Amino acid sequence: MPFDIDMEIVNEYGPNSLLLKAGGASAMLDAAELDELIELLATVRSELQPMTPVRPALTHQYVI
């Protein structure tokens, strides 16, 4: 069952955090937690088919 994922950068009188909302649940992630999530998602993605391309697409603009 697909659901929307909403993301918003928030700053409630402190460092920026990411408010992540998905499937009726929400989580506030700081930079370290977001890095951990990205690493976990990359690991999971590497195990899924189809494989990710070996070379980056020349037509895609990548954020650096």
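**View 1. A negative surface patch made of Asp-30, Glu-33, Asp-35, Glu-36 and Glu-39.** For patches, residues need over 30% relative accessible area and no salt bridge; like charges are joined within 9 Å, and nonpolar side chains (Val, Leu, Ile, Met, Phe, Trp, Tyr) within 5 Å. A salt bridge here is a side-chain nitrogen of Lys or Arg within 4 Å of a carboxyl oxygen of Asp or Glu. This is a predicted model, where local features need pLDDT of at least 70, side-chain atom pairs count only at pLDDT 80 or more, and totals for chains, interfaces and linings use all residues. Residues are numbered from 1 along each chain as its sequence is written, and side-chain values use heavy atoms, with hydrogens and water left out.

**View 2. Glu-39 and Thr-43 in helix H1.** The helix covers residues 31-46 (a DSSP run of H or I, at least four residues; strands are E runs of at least two). Glu-39 is exposed, at 59% relative accessibility, while Thr-43 is partly exposed at 42% (buried is under 20%, exposed over 50%, partly exposed in between, with a 1.4 Å probe and protein chains only).

**View 3. Ser-17 in strand E2, residues 17-22.** Ser-17 is buried, at 17% relative accessible area. Neighbours within four places in sequence aside, Ser-17 contacts Glu-8, Ile-9, Val-10, Met-28, Leu-29 and Asp-30 (heavy atoms within 4.5 Å).

**View 4. Leu-19, also in strand E2.** Leu-19 counts as buried, with 17% relative accessibility. Skipping residues up to four places away in sequence, Leu-19 touches Asp-6, Met-7, Glu-8, Val-10, Ser-26, Ala-27 and Met-28. Ala-32 sits 13 residues along the chain from Leu-19, and their C-alpha atoms are 14 Å apart.

Notes:
Areas by Shrake-Rupley, 256 points an atom, 1.4 Å probe, with all protein chains shown as cover. Lys, Arg positive; Asp, Glu negative; His and termini not counted. Charge placed at Lys NZ, Arg CZ, Asp CG, Glu CD.
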